[in-house]
Amino acid sequence: MVTDPIADFLTRIRNAQMANHRIVEIPASNLKKRMTEILYDKGYILKYKFEDDSKQGIIKIALKYDATTKLPVIQSLERVSRPGLRTYAKPEEFKRVKNGLGISIISTSKGVMTDKEAKSQNVGGEILCNIY
């Protein structure tokens, strides 16, 4: 049993990149599926696939690497809000990640979205993670 599924999601991606794996498999949930879609839309992963098994399903993510340097596109994945210390923010309180080069994934009342989308819709929420 995993106590923090979002941290597990980020750690699996981080570990797969450090081992230069091309594909990583992660147990699925609706929150993780939405986070995966955001990573794909913003160009941090190559592609993804949702597979159903007899239990909860699996997310297969094809990781993206730079063609010349062979370094992963995602340089840092950091969990902001934790089960022991939740972090909430209003739209005007969102901080820029890496001077605007990265994204924050935020869980709002209108769904999971990036900080820029939440700011444009003027909704606050729980800051799940920062990615750059």
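## Aromatic residues

The structure, which is a predicted model, holds two aromatic pairs, where rings of Phe, Tyr and Trp (its six-membered ring) are paired if their centres lie within 6.5 Å, and where planes under 30 degrees apart count as stacked, over 60 as edge-to-face and the rest as tilted. In one of them, the ring centres of Tyr40 and Tyr48 are 5.3 Å apart and the planes stand at 75°, so this pair is edge-to-face. Tyr48 also pairs with Phe50, in a tilted arrangement with 5.1 Å from centre to centre and 45° between the planes. Tyr40, Tyr48 and Phe50 together form one aromatic cluster.

How far are these residues covered by the protein? In relative accessible area, buried means under 20%, exposed over 50%, and partly exposed in between, with a 1.4 Å probe and protein chains only. Tyr40 counts as partly exposed at 38% relative accessibility, Tyr48 is partly exposed with a relative accessible area of 28%, and Phe50 counts as partly exposed at 32%.

## Basis of the model

Residues are numbered from 1 along each chain as its sequence is written. Because the model is predicted, local features need pLDDT of at least 70 and side-chain atom pairs count only at pLDDT 80 or more, while totals for chains, interfaces and linings use all residues, and side-chain values use heavy atoms, with hydrogens and water left out.

## Overall fold

The protein has three helices and eight strands, taken as DSSP runs numbered from the N terminus (helices H or I, at least four residues; strands E, at least two). Along the sequence these elements follow the pattern α-β-α-β-β-β-β-β-β-α-β.

The radius of gyration, taken over C-alpha atoms, is compared with a globule rule of 2.2 Å times the number of residues to the power 0.38; for 132 residues a compact globule would have a value near 14 Å, and the 15 Å of the protein agrees with this. The C-alpha trace spans about 40 × 40 × 25 Å along its principal axes. Of contacts (heavy atoms within 4.5 Å) between residues at least 6 apart in sequence, 61% join residues at least 24 apart.

## Surface and charge

Of the 132 residues, 39% count as buried. The protein exposes about 7900 Å², of which carbon and sulfur atoms supply 50%; accessible areas come from the Shrake-Rupley method with a 1.4 Å probe, and for residues only the protein chains shown count as cover.

The 23 positive and 15 negative charges have mean positions 3 Å apart. Lys and Arg count as positive and Asp and Glu as negative, whereas His and the chain ends are not counted, and each charge is placed at NZ of Lys, CZ of Arg, CG of Asp or CD of Glu.

## Loop residues

Most residues other than glycine have a negative phi. Asn20, in the loop between helix H1 (5–18) and strand S1 (23–27), has a positive phi near 55°, and at 51% relative accessibility Asn20 counts as exposed. Asn122 lies in the loop between helix H3 (115–121) and strand S8 (125–131); its phi is positive, near 55°, and Asn122 is exposed with a relative accessible area of 57%.

Ser76 is found in the loop between strand S3 (58–63) and strand S4 (77–79), and counts as buried at 16% relative accessibility. Leaving aside neighbours within four places in sequence, Ser76 is in contact with Asn130, Ile131 and Tyr132.
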